[in-house]
Amino acid sequence: MNGAESLVRTLVAGGVEVCFTNPGTSEMHFVAALDRVEGMRCVLCLFEGGATGAADGYARMADKPASTLLHLGPGLANGLANLHNARRARTPLVNIVGEHATYHREYDAPLTSDIETLARPMSAWVRTGMSAAEIGRDGADAIAAARTAPGRIATLILPANTAWEAGEGVAPVPPIPERERAGDEAVAAAARALASGEPVLLHLGDQAVRGPGRVIADRIAAKTGAKLLAMTSNSRIDRGAGTVPIERLPYPIDEAIAALKGFRHIVLIGATQPVGFFAYPGKPSLLAPEGCETLTLATPAQDQLDALERLAEAVNAPPARAPETGPLAEIPTSGPLDQDTIGAVIGALIPEGAVICDESLTTGRNFFALTKASAPHTWLQLTGGSIGLGIPMSTGAAVASPGRKVINLQADGSGLYTVQALWTQARERLDVVTIVWSNRAYAILRGELANVGARNPGPKAIGMLSLDDPAMDWVSLARGFGVDGRRVETLPAFTDALRHGVATPGPFLIEVVL
């Protein structure tokens, strides 16, 4: 057994069963080992950003890490943008990066780079393997690091000779640390705020926006009158009819400030303090109103469910109440093809158990509210703001969720960053409907021009934000990658196309011309 086989067997034994890969020469022994080891599914991606984004989507749905396999420093660099999103989502991920043989690095061959330095900003754990005899143990340590709460990126650098020289078999994964309990004083401080008679916001993220966490938070709100609000960007929210409804802090800064106005206490539960996505002239970075107290009940790394249960006991919260989500709006049959009508159609047609991957950006700001009464489903978001996640994330989510329809809500400019992931969907026959909002512009940046005070933009500035000269043909792009598609320009055509996509197995793309 060589080092590569020792590493692959260790990964499989440690529950890492999928590898999203774009390998090169230095990784060929790892690739060969994949044929000799049962239990590892290999998913080829045409671009490293597709591999890292797919690993992110997979782990969000599987609640365990996948691995990547990337080619040297440049391959890692190509994948860093979506590793940034995975880091912000607190996704567990074992990131394996090939490297020149240990004795070859000193000769500064063309692909030589400082891989550890490239990896560190996005990784909580980085190690370069030094021997084939220990590479299995390195892999086991990487799994433990990735699975340490709240979920971390572990990057293992694999020199070629540590893969082809003799290894030492399967290494056991070290014990995974339990989540730390929140302190008693944190629970007591939150209880005092709730008993103050002043307006309190329970700001939720991580475990607290998943089903059980939100139920406990809703019990606390029912007793105390506190309001629940999720962070702007969340790794995963399980929602729909029969679940506790929750809204998110709006992305636009003025709307976010308005949403927080009047609160005297903000209690963070698996969430970070509300801040502006960017700095804007004359506007605050911290969005809580002046004089508002911000308290942390439980950090993302701590056991938020335990903290919520203790807080519920402290305030004598009642049993869980039946959620009231209200009826779905009927599918509109006429009218413009706009955010509200599109959201109503999506809300009505989401099938039970669906996974929604949301990189809609400007077009989709109303979709979350319009789908709260849909059939029960899971909602994944762009977490780090690095665009180009949607198509890969939906790819990984589909690998992790066989039998569940995946619907990717995709801004057109963002989708072009990683459009190659459609090919992986076709190759793997994944059940994904990709809906592209073809406004043929970086529409979000047009609004940002005004937000930062750049008034009266001229033709050069407008040209930098336009995608219509020439306009992309998304249906042709999809078919070139092996995915069937339709272009729609009316509301009835969109409704018909989405019905078809939901009912038909396999990948399908809808270009919605706006």
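Predicted model: local features only at pLDDT ≥ 70, side-chain atom pairs only at ≥ 80, totals over all residues.

Biologist: Which residue of S3 is the bridge partner of phenylalanine 20?

Modeller: That partner is again threonine 68.

Biologist: How should I understand the pairing of strands in general?

Modeller: Strands of a sheet pair through backbone hydrogen bonds, in either a parallel or an antiparallel manner. In this model, strand S3 (residues 66-70) pairs with strand S4 (residues 93-99) in the parallel sense, over five bridges. Leucine 69 stands opposite isoleucine 96 in S4. Strand S1 (residues 18-22) also pairs with S3 in the parallel sense, here over four bridges.

Biologist: In what order do the six strands of the open sheet lie?

Modeller: The order is S2-S1-S3-S4-S6-S5, with parallel pairing. Strand S2 (41-44) and strand S5 (125-128) are the edge strands, each of which pairs on one side only. On average, neighbouring strands of this sheet are turned by 20° against each other, direction ignored.

Biologist: Are the residues of S3 buried or exposed?

Modeller: Buried here means a relative accessible area under 20%. Five of the five residues of S3 are buried, so the strand is largely enclosed by the rest of the structure. Ala66, Thr68 and Leu70 point one way from the strand, while Ser67 and Leu69 point the other way.

Biologist: Let us turn to the aromatic rings. How many aromatic pairs does the structure hold?

Modeller: There are seven aromatic pairs. One of them joins phenylalanine 278 and tyrosine 280 in an edge-to-face arrangement, with 6.5 Å centre to centre and 80° between the planes. Phenylalanine 278 is partly exposed, at a relative accessible area of 43%, whereas tyrosine 280 is buried, at 7%. Ring pairs also link Tyr251, Phe277, Phe278 and Tyr280 into a cluster.

Biologist: Which ring lies under the charged end of arginine 239?

Modeller: The charged end of arginine 239 sits over the ring of phenylalanine 368, 3.7 Å from its centre. The charged end of arginine 248 sits over the ring of phenylalanine 368 as well, 4.1 Å from its centre.

Key. Residues numbered from 1 in each chain as written. Heavy atoms only, no water. Pairing = 2+ DSSP bridges. Helix = DSSP H or I, 4+ residues; strand = E, 2+ residues; numbered from the N terminus. Axes fitted to C-alpha atoms, helices over the stretch in contact; angles between N-to-C directions. Buried < 20%, exposed > 50% of the residue type's maximum accessible area, 1.4 Å probe, protein only. Phe/Tyr/Trp six-rings, centres within 6.5 Å; stacked < 30°, edge-to-face > 60°. Lys NZ or Arg CZ within 6 Å of the ring centre and 35° of its normal.
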